[in-house]
Amino acid sequence: MKAAVYYQNGGPEVLKYEDVPDPVCHPKGVVIRVEAVSIEGGDTLNRWHGALASKPHVVGYQAGGEIVEVGAEVTDLKVGQKVTTVFGAGSHAALRALPARNAWPVPKGFDIKLASAIPVPFGTADDCLFEFGHLKRGEPVLVQAGASGGGAAGIPRAKRAGASVIATASSDARLERLKPLGMDHGINYRTDNVEKSVMKLTDKKGVDLVVDPVGGATLQSSLLSLAYRGRVSMVGAAGREPMTIDVSSLMAGNRSLTGVFLGAEIGTDRAHNMIQRLVEEAARGEFKVVIDRTYPLAEASAAHAYIESRQAVGRVLLIP
């Protein structure tokens, strides 16, 4: 099969398009013919400095496609069924083998490209807002990096729950593209001070919840944007900056900072059922999945470079 692989860590240029052996189906697993790869932030981080499970290494968490082989011990999935999948590696390929537990059936008629982009970003957003963020109707929410895949997932989820949504992005043009998703107010973090802007927008009260996938210096602005008893759901380090922050403001305002990692619970019934619910809600049109751009799998290097240029709004897909 064809795959986007690399032999050493580095920038997007390490990705090469090559032939590699077809994957083998485990008795408790499935093999899918990949129809769309949703490139995740963790994919680019792993390419930079993650461990290579094999050489050549096929990176990638998330992909959707059609089941072409089912393991002997699998009873709840069948050949020909469309699924969206998450696993530790292997998405950037024409075929993918993974445990059956890591595949979620896609309702008939729902675009597999959209389904491929749901589990990690929307599951993470749901956890940040509700499971760990305890969002209540009417609360103001700040979504940092609102134009990222996770941000574009979090904004409509928060708005649908009745929140007032503030989002940050790197340009006014990117902020404009977030308005249809439910953003009420936008902050250009390149030209405006985030915490001062938040306080102005909230009559100096601050927000009740911040979703922060960036970390580094951005996390400090998240903490300083909180209202009394406000919460921060920290969900990543996309900024690739040191996590050096002053947490003294937490104690003074009875505020909290919670780390969120969907991968730690993705094998649980709670998370598995939550992702299946999100896939079905999207299929019914209850929220929008934003795809910024698609690339052929052969152009994985260009796709990774585009993501790292911070121009995208929503997800970038690879199509084998």
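**Close-up views of the predicted model**

**View 1. Pairing of strands β8 and β9 in the predicted model.** V141 lies opposite V165, a residue of β9. Strand β8 (residues 140-143) and β9 run parallel and are joined by 4 bridges. Together with helix α4 (residues 149-160), β8 and β9 form a β-α-β unit that is right-handed.

**View 2. Strand β9 and its pairing with β10.** Strand β9 spans residues 164-169 and is mostly covered, with 5 of its 6 residues buried. Its parallel pairing with strand β10 (residues 185-188) comprises 4 bridges. Within this pairing, A167 of β9 faces G186 in β10.

**View 3. Strand β11 beside β8.** In strand β11 (residues 207-212), 6 of 6 residues are buried. Strands β8 and β11 are paired in the parallel sense through 3 bridges. V141 has L209 as its bridge partner in β11, and V141 also stands opposite V165 in β9.

**View 4. The crossover from β11 to β12.** Strand β12 (residues 226-234) runs parallel to β11, and 5 bridges join the two strands. One of the residue pairs is D212 with M234, the latter in β12.

**View 5. The buried residues of helix α1.** Helix α1 covers residues 41-49, and its buried residues include G42, D43, T44 and R47. The buried residues of α1 pack against β3 (29-38) and against α10 (300-308).

Technical notes
Residues are numbered from 1 along each chain as its sequence is written. This is a predicted model: local features need pLDDT of at least 70, side-chain atom pairs count only at pLDDT 80 or more; totals for chains, interfaces and linings use all residues. Side-chain values use heavy atoms; hydrogens and water are left out. Buried means under 20% relative accessible area, exposed over 50%, partly exposed in between (1.4 Å probe, protein chains only). Two strands pair if DSSP finds at least two bridges between them. A crossover is right-handed if, with the strands pointing away from the viewer, the path from the first strand over the helix to the second runs clockwise. Contact means heavy atoms within 4.5 Å.
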